[in-house]
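Please look over the sequence and the model before reading on.

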Amino acid sequence: MNKVILIGNLTKDPELRYTPNGVAVATFTVAVNRPRNNQAGERETDFISIVTWQKLADLCASYLKKGRKAAIEGRMQTRSYDNKEGKKVFVTEVVAESVEFLDGNKEDRKPANNDFDPFGDPFANAGKPINISDDDLPF
């Protein structure tokens, strides 16, 4: 079984490219804290390369930015290539099958009108009248 689940913060904005056939591919790196401190009592962080394809690549490039938290589910993949000096380089990366956007900037989440904020306090509008007509009610 090859299954990876990560939660981390992006280290930079995703890089969106297209294959010669026009398929979108986005790459980015997430910083994931290790669960325990090292012998010096410090928390260590792993930097994991993520690859997304097609519509998911477009979505990640549009909505993820440096510093944002994301949950990634996918599979581990290894590949190799010869660099400019002719040396074989091995790459290990996670190919994402799904990405959850876990947080964002307040400006990104601000509603178009200031009447309702779906990410804000659910009781913020309690006691305020609702602008709705009887024709809009299903009963």
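The points below cover the fold, strand pairing, salt bridges and surface.

This is a predicted model, in which local features need pLDDT of at least 70, side-chain atom pairs count only at pLDDT 80 or more, and totals for chains, interfaces and linings use all residues. Residues are numbered from 1 along each chain as its sequence is written, and side-chain values use heavy atoms, with hydrogens and water left out. The protein chain has 2 helices and 6 strands, where helices (H or I, at least four residues) and strands (E, at least two) are DSSP runs numbered from the N terminus.

**Overall fold**

- Along the sequence, the elements of the protein chain come in the pattern β-β-β-β-α-β-β-α.
- Of the contacts in the protein chain with a separation of 6 or more, 56% are between residues 24 or more positions apart; a contact means heavy atoms within 4.5 Å.
- The protein chain has 139 residues, and 24% of them are buried. Buried means under 20% relative accessible area, exposed means over 50%, and partly exposed lies in between (1.4 Å probe, protein chains only).

**Strand pairing**

- Two strands count as paired if DSSP finds at least two bridges between them.
- β1 and strand β3 (residues 24-37) run antiparallel and are joined by 2 bridges. L10 is opposite V30 in β3, and V30 in turn stands opposite I48 in β4.
- Strand β2 (residues 15-18) pairs with β3 in the antiparallel sense over 4 bridges, and R17 has V25 in β3 as its bridge partner.
- β2 and β3 form a hairpin with 5 residues between them, and G22 in the turn has a positive phi of about 85 degrees.
- Between β3 and strand β4 (residues 43-53) there are 10 bridges, again in the antiparallel sense.
- β3 and β4 also form a hairpin with 5 residues between them, where G41 in the turn has a positive phi of about 85 degrees.
- In a regular strand, side chains alternate between the two faces of the sheet.

**Salt bridges**

- The structure holds 6 salt bridges, each being a side-chain nitrogen of Lys or Arg within 4 Å of a carboxyl oxygen of Asp or Glu.
- K3 and E73 form a salt bridge through their side chains, at 2.4 Å from N to O. This pair links distant parts of the chain, 70 residues apart: K3 is in the segment before β1 (4-10), and E73 is in strand β5 (residues 69-82).
- K3 counts as partly exposed because its relative accessibility is 46%, and E73 counts as partly exposed at 28%.
- R17 forms a salt bridge with E15, with the closest N and O atoms 3.2 Å apart. Here R17 is partly exposed at 39% relative accessibility, and E15 is partly exposed at 37%.
- K88 and D82 meet through their side chains in a salt bridge of 4.0 Å, N to O; D82 is exposed, with a relative accessible area of 52%.
- A network of salt bridges links R34, E44 and D46.

**Surface**

- The protein chain has an accessible surface of about 10,600 Å², and carbon and sulfur atoms account for 50% of it. Accessible areas come from the Shrake-Rupley method with a 1.4 Å probe; for residues, only the protein chains shown count as cover.
- L59, Y63 and F101 make a nonpolar surface patch of about 270 Å². Patches are made of residues with over 30% relative accessible area and no salt bridge, with like charges joined within 9 Å and nonpolar side chains (Val, Leu, Ile, Met, Phe, Trp, Tyr) within 5 Å.
- F101 lies in strand β6 (residues 88-101) and is partly exposed, with a relative accessible area of 32%.
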